[in-house]
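Here are my notes on the side-chain packing, as numbered points. Please read them with the structure open.

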Amino acid sequence: MKKAIIYTIIILIVVGLAVFVGFLYMGKIGTTVINEQEPNTITTNEIQEVVEKQVQIFKGTDRPIAIMIDNHKSAMPHAGLSKAYMVYEVIVEGGETRLMALFKGVDIDKIGPVRSARHYFIDFALENDAIYTHYGWSPQAESDIKTMKINNINGISEKTSDFWRVKEKAAPHNVLTSTKKIYEIAKNKKYRTTSDVNSILNYMVDEVNLDELYTVSSEEQSNIKTANEIKIKYSQSNNVKWTYDEESKNYIRYSKNIKETEWFEKTDVRAKNIIIEFIKNQSIDEKDRQTMNTTGTKNGYYITNGKAIPIICSKSSRSSKTVYKDTQGNEIKVNDGNTFVQICKEDANVEII
């Protein structure tokens, strides 16, 4: 009799546990079904898709850094150009050009060679809300930086551990710095190191193909040019060439007849977008230092994915953003990727083939 009672109790316990587990299982299944039916439920794949749809080249809250880069032949190859979201190339004295590379949301331990400031580069730093970084300055740049109270960092006045010379190249073409050092100096100078200013360019997360974008307008369609090679002659000794790589859908850079590579990584210097802007320049002193009026309306080209269109470039003041529009007056749509802005003389010899 006692054994029967014990067996009965054991059976009841087992059945009870089975029923309890069953209810839990049914509850989980029910919850899953309900969640799947809820319209606001976001799957992992959907989250990933949202992340992928965000612009990648210009993001985060870091304030941009604008660094002057030496473009003399003795300064090549450069360090960090490929990691800049924008690079401006502009004429300076002696037929040379200088580069200004803009960085945001990246940590780069070697950038350079860093070189001295020129006053008209300030205008491009201002329109990007950037901390203007250089190693020395022209008299005009020094005057404007002080008068306009520009947030700037002059490497000559900083510690050699922040702006250091390397033995691989001869002075003055051998000064390097890093994004970390620049932000540390900026914080010590009480400069703002965050920014909520929107990008100067109208980036698109979906691929921009110019021949598809303007199929509705016969006038714009007729303006579209093939752009497999771009040649820009800044002077007798200084030329730039870009060649289109159809597989990667970006452009490979050549300067002074040399294919440009990153100094330390040895990778090609490439660009997803190229903007050409024609600006009148003139010599202002016995050293052939240049000046130019960056404001007003200028002509130019926007080039991406093997095609080019003519554009109008407008800038209302030295600190305002340049607005790039097509010939119909619409702000251009730009591919998510790095951009080289080639500021050329009005009479520059430019070929787009």
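1. Is W242 buried or exposed? In this predicted model, W242 is buried, at a relative accessible area of 0%.

2. W242 has an aromatic partner. With F340 it forms an edge-to-face pair, 4.8 Å centre to centre and with 65° between the planes. F340 is buried too, at 1% relative accessibility. W242 belongs to strand β11 (residues 238–245) and F340 to strand β22 (residues 339–345), so the pair ties together parts 98 residues apart in sequence.

3. The structure has eight aromatic pairs. One of them is Y88 with F124, which is stacked: the centres are 4.8 Å apart, with 20° between the planes. This pair also links distant parts of the chain, 36 residues apart. Y88 sits in strand β2 (residues 86–91), F124 in helix α3 (residues 121–127). Both residues are buried.

4. On the core: the largest nonpolar core counts 81 residues. Those with the most contacts inside it include Y88, I230 and I303. Leaving aside residues up to four places away in sequence, I303 touches A227, I230, Y251, K272, N273, I274, I276, A308 and I352.

5. Two lysines lie over ring faces. K169 is over the face of W263, at 3.5 Å from the ring centre. K110 is over the face of F264, at 5.1 Å from the ring centre.

6. On the cysteines: C313 is buried, with a relative accessible area of 1%. C344 is buried as well, at 1% relative accessibility. A search of the whole structure finds zero disulfides.

Key: Residues are numbered from 1 along each chain as its sequence is written. This is a predicted model: local features need pLDDT of at least 70, side-chain atom pairs count only at pLDDT 80 or more; totals for chains, interfaces and linings use all residues. Side-chain values use heavy atoms; hydrogens and water are left out. A disulfide is a pair of cysteine sulfur atoms within 2.5 Å. Buried means under 20% relative accessible area, exposed over 50%, partly exposed in between (1.4 Å probe, protein chains only). A nonpolar core is a set of buried Ala, Val, Leu, Ile, Met, Phe, Trp, Tyr and Cys residues joined through side-chain atoms within 4.5 Å. Contact means heavy atoms within 4.5 Å. Rings of Phe, Tyr and Trp (its six-membered ring) pair if their centres lie within 6.5 Å; planes under 30 degrees apart count as stacked, over 60 as edge-to-face and the rest as tilted. Helices (H or I, at least four residues) and strands (E, at least two) are DSSP runs, numbered from the N terminus. A charge sits over a ring if NZ of Lys or CZ of Arg is within 6 Å of the ring centre and within 35 degrees of the ring normal.
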